[in-house]
Amino acid sequence: IASVVGEPTIALVGLPGSGKSAIGRRLGQQLGWRFVDTDHCIEDRIGCTIREFFEREGEDAFREVEEQVLADLTSSLRQSVMATGGGSVLRASNRQHLRERTHVVYLRSSPEELLRRLRHDTKRPLLQVADPLQRLKDLHAVRDPLYREIAHTTVDTGRPSIAMLVSTIVQQL
Ligand code: S3P
């Protein structure tokens with residue numbers, strides 16, 4: 001933990017279902033740091049759910065808001081654990097802000113594992129398709145290199161419990 005004192009914040013990145021919110025909340029408790037979910041901050045700003053916003057305004061409009069919120073949060077947060085949206089790494093400016101202003105932890109999972117966790121999910125607009133496994137494989141192919149590019153630490157989230165993953169992350173800080 002000593003090595004992150006002075007770091008402004010820890011950002012968890014990874015695909016939808018990789019456990020960013022659940023692990024982030026627990027990690028925040030363990031470090032005594034605040035937990036911030038960027039998707040919730042975005043919903044506060046747009047005044048509706050992300051799913052509604054996607055349907056009404058489209059993905060590009062969502063990415064604009066996401067970029068503003070991430071720029072604000074990465075420059076203002078201190079001693080916080082931040083769960084980012086899975087697509088936040090798509091824009092170069094977001095990658096730069098995350099890499100330079102936070103300690104980035106990539107929660108890496110296979111598409112099959114993600115599908116198992118998300119099979120009853122209705123909140124994620126990108127997964128409302130006929131073949132969600134194929135969609136997750138496509139998202140993984142595009143984004144895994146981007147998550148790797150900015151990660152300071154990578155943790156495989158296969159079988160371990162949330163508590164075990166949190167202690168692995170803390171050991172690697
Ligand atoms: C998205 C992931 C979502 C949310 C939005 C877009 C994505 O966040 O930001 O639906 O592009 O993967 P989670 O990763 O928390 O599901």
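Biologist: Which residues of H6 meet which residues of H7?

Modeller: In this predicted model, Pro-111, Leu-114 and Leu-115 of H6 meet Pro-132, Leu-133, Leu-136, Lys-137 and His-140 of H7. By type, the residues of that contact divide into 6 nonpolar, 1 polar and 1 charged.

Biologist: What makes Gly-17 buried?

Modeller: Gly-17 sits in the loop between S1 and H1. The cut-off for buried is 20 or more other C-beta atoms within 10 Å. Gly-17 has 22, so it passes.

Biologist: Which residues does Gly-17 contact, leaving aside neighbours within four places in sequence?

Modeller: Leu-114, Arg-117 and Leu-118.

Biologist: Now the largest nonpolar core: which residues touch the most other members?

Modeller: Leu-12, Val-13, Val-104 and Val-105, out of 26 residues in that core. Elements giving two or more residues to the core include strand S1 (9-13), strand S4 (103-108) and helix H7 (132-150).

Biologist: How do you know that Leu-12 touches Val-105?

Modeller: Touching here calls for C-beta atoms within 7 Å. Val-105 is on the list for Leu-12, along with Lys-20, Ile-23, Gly-24, Met-82, Ala-83, Thr-84 and Leu-107; residues up to four places away in sequence aren't counted.

Conventions:
Residues numbered from 1 in each chain as written. Predicted model: local features only at pLDDT ≥ 70, side-chain atom pairs only at ≥ 80, totals over all residues. Core = buried A, V, L, I, M, F, W, Y, C linked by C-beta atoms within 7 Å. Buried ≥ 20, exposed ≤ 12 C-beta atoms within 10 Å, placed from the backbone. Helix = DSSP H or I, 4+ residues; strand = E, 2+ residues; numbered from the N terminus. Contact = placed C-beta atoms within 7 Å. Nonpolar A, V, L, I, M, F, W, Y, C, P; charged D, E, K, R; others polar.
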